[in-house]
Amino acid sequence: MPTAVAQILDVLRNRGGLRGADIANIVDVSPPTVSRWTKGKASPPIHTQTIIADLRYVVDRLSDFYTPDETRLWLHASHPLLNQERAIDLISSGRTEEVLAVIERLEAGAYL
């Protein structure tokens, strides 16, 4: 049975279009480390698990609007409503709430 982290990584790939290298860059580890997490051979520290969980929540919310490939691009793009910062950088630095505020505007139809 896959670990909880492995299941989340699977969701990030399938719903968010994220690759192992994307996830590695977001949480500042090597791609082989992400591969070990995916296979259940290792587990990330709790701080990293929190970032991964936040990323999953954001991906789940974005999947209501975008395809996996579009979601990946959205996460990597600079956004005017995020002061030209990228969502993945904000999530990585613990500023997920700012990203979620933009997604709330998407849901309200205030910004597309």
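Select R95 to begin: with a relative accessible area of 29%, R95 is partly exposed, a class that lies between buried (under 20% relative accessible area) and exposed (over 50%), using a 1.4 Å probe and protein chains only. This is a predicted model, in which local features need pLDDT of at least 70 and side-chain atom pairs count only at pLDDT 80 or more, while totals for chains, interfaces and linings use all residues. Residues are numbered from 1 along each chain as its sequence is written, and side-chain values use heavy atoms, with hydrogens and water left out.

**Salt bridges**

The term means a side-chain nitrogen of Lys or Arg within 4 Å of a carboxyl oxygen of Asp or Glu. E98 counts as partly exposed because its relative accessibility is 34%.

Move to D89 and R86, where another salt bridge (2.8 Å, N to O) joins the side chains. D89 is partly exposed at 36% relative accessibility, and R86 is partly exposed at 28%.

Which parts of the chain does the pair E107 and R61 link? First, show the two side chains, which meet in a salt bridge (2.8 Å, N to O). The pair links distant parts of the chain, with E107 in helix 7 and R61 in helix 4, 46 residues apart. Helices here are DSSP runs (H or I, at least four residues), numbered from the N terminus. Over the whole structure, a search finds 8 salt bridges.

**The nonpolar core**

Now select L9, L12, L55, V58, W74, L75 and V99, the residues with the most contacts inside the largest nonpolar core, which has 29 residues. Such a core is a set of buried Ala, Val, Leu, Ile, Met, Phe, Trp, Tyr and Cys residues joined through side-chain atoms within 4.5 Å. Helix 4 gives the most to this core, with 6 residues.

Keep L9 selected: leaving aside residues up to four places away in sequence, L9 touches I23, V34, W37, T38 and I52. Contact means heavy atoms within 4.5 Å.

**Last stop: T71**

T71 lies in helix 5 (residues 68-76). T71 counts as buried because its relative accessibility is 0%. Not counting residues up to four places away in sequence, T71 touches R15, G16, V59, L62, S63 and Y66.

Conventions: Helix = DSSP H or I, 4+ residues; strand = E, 2+ residues; numbered from the N terminus.
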